[in-house]
Amino acid sequence: MTKRNRHSAPPLVVEVSGPLACFTRPELKVERVSYPVMTPSAARGLLEAIFWKKEFRYDVVKIEVLAPVRWFSLRRNEVKSVVTPPRIRELRRDPSRRYDVEEDRDQRNTVALRDVAYRIHAHVDLAPHTTATEAKYRDQFRRRVERGACFSQPFLGCREFAADFGPTTTRPPIRHDEAPEDGEELGVMLHSIVYTDTGERYRWFRARLEQGILHVPEHPLSDTEVDMPARSARARRAAEG
């Protein structure tokens, strides 16, 4: 992929907003607790919902927080187990067997964000096999944003938290008093995922909100600086069936 400092064009910019959002911290699994700001991985997923091609990937460099950080909590009914494809095939082979969702249901608490708005800045990194120019994909992305077109409904962390998107405006980032976490370290945040034959390798960085802006470093932390669990290829294949 193209190095960030080799980009001659300015980053693509899109504004997103929504009534609800949750960008779950990795150390909290059962009871979901959101970061106070959108994560780069969530921003990348939202951009791919608008426009995606295998010839390039998005390199998120900056996220501006445009609305004051406001929290809320809710309790939701969720199932405790994951119904995998092998389990579905097993139930189909034996019609007498049933999956009782009532017996598998559990109430879980979520601490999330409300009335959010962000401005995402991202570059287009071309894959080595790509023959088209970066300008082609940048123009296609801009046209889709102006029309409000998308491949799938963009969301803010959780699929049920739908997002609106549109061209950038002159709206400034939030002030220091609108984000109590401004200037403080937000903890380790997902930088990117590297897919290998042995599994998925997660790369991290130490996030900090400064004057309402989250800057994403070009280089993540090294393996000696952070030790987070990785998902093995065997576990991924088992989940996929």
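This is a predicted model: local features need pLDDT of at least 70, side-chain atom pairs count only at pLDDT 80 or more; totals for chains, interfaces and linings use all residues.
Residues are numbered from 1 along each chain as its sequence is written, and side-chain values use heavy atoms, with hydrogens and water left out.

**Stop 1: the second largest cavity**

Select Leu12, Val13, Val14, Leu47, Ile120, His121, Ala122 and Phe141, which line the second largest cavity. A cavity here is a set of points, on a 1 Å grid over the protein atoms alone, where a 1.4 Å probe fits but cannot get out, and lining residues have an atom within 4 Å of a point. Grid points are joined across faces, edges and corners, and the volume is the space filled by probe spheres set on the points. Seven of the lining residues are nonpolar, one is polar and none is charged; Ala, Val, Leu, Ile, Met, Phe, Trp, Tyr, Cys and Pro count as nonpolar, Asp, Glu, Lys and Arg as charged, and the others, Gly among them, as polar.

**Stop 2: strands E1 and E5**

Now colour strand E1 (12-21) and strand E5 (residues 105-126). Strands (E, at least two residues) and helices (H or I, at least four) are DSSP runs, numbered from the N terminus. E1 and E5 pair in the antiparallel sense over nine bridges, where pairing takes at least two DSSP bridges between the strands. Pick Leu12 and you will find its bridge partner in E5, Ala122. E1 is also joined to strand E8 (residues 164-166), antiparallel, by three bridges, and there Val16 has Phe165 as its partner.

**Stop 3: the largest cavity**

Stay with E5, which gives five residues to the lining of the largest cavity, the most of any element. The volume of this cavity is about 40 Å³. Its lining includes Pro36, Val65, Tyr118 and Arg70. By class, nine of the lining residues are nonpolar, none is polar and two are charged.

**Stop 4**

Most residues other than glycine have a negative phi. Asp115 is partly exposed, at 39% relative accessible area; buried means under 20%, exposed over 50% and partly exposed in between (1.4 Å probe, protein chains only). Next, jump to Gln211, in the loop between strand E10 (199-210) and strand E11 (213-215). Gln211 also has a positive phi, of about 55 degrees, and counts as exposed at 66% relative accessibility.

**Stop 5**

Select helix H1 (residues 40-50): eight of its eleven residues are buried, so the helix is largely enclosed by the rest of the structure. Among the buried ones are Leu46, Leu47 and Ile50.

Finally, show the largest nonpolar core, with 43 residues, where Met38, Tyr118, Phe141 and Leu156 have the most contacts. Such a core is a set of buried Ala, Val, Leu, Ile, Met, Phe, Trp, Tyr and Cys residues joined through side-chain atoms within 4.5 Å. E5 gives the most to this core, with seven residues. End on Phe141, which touches Leu12, Val14, Leu47, Ile50, Phe51 and Tyr58, leaving aside residues up to four places away in sequence; contact means heavy atoms within 4.5 Å.

Definitions and conventions:
On a 1 Å grid over the protein atoms alone, a cavity is a set of points where a 1.4 Å probe fits but cannot get out, and a pocket is an open set with protein on both sides within 12 Å along at least five of seven lines; lining residues have an atom within 4 Å of a point.
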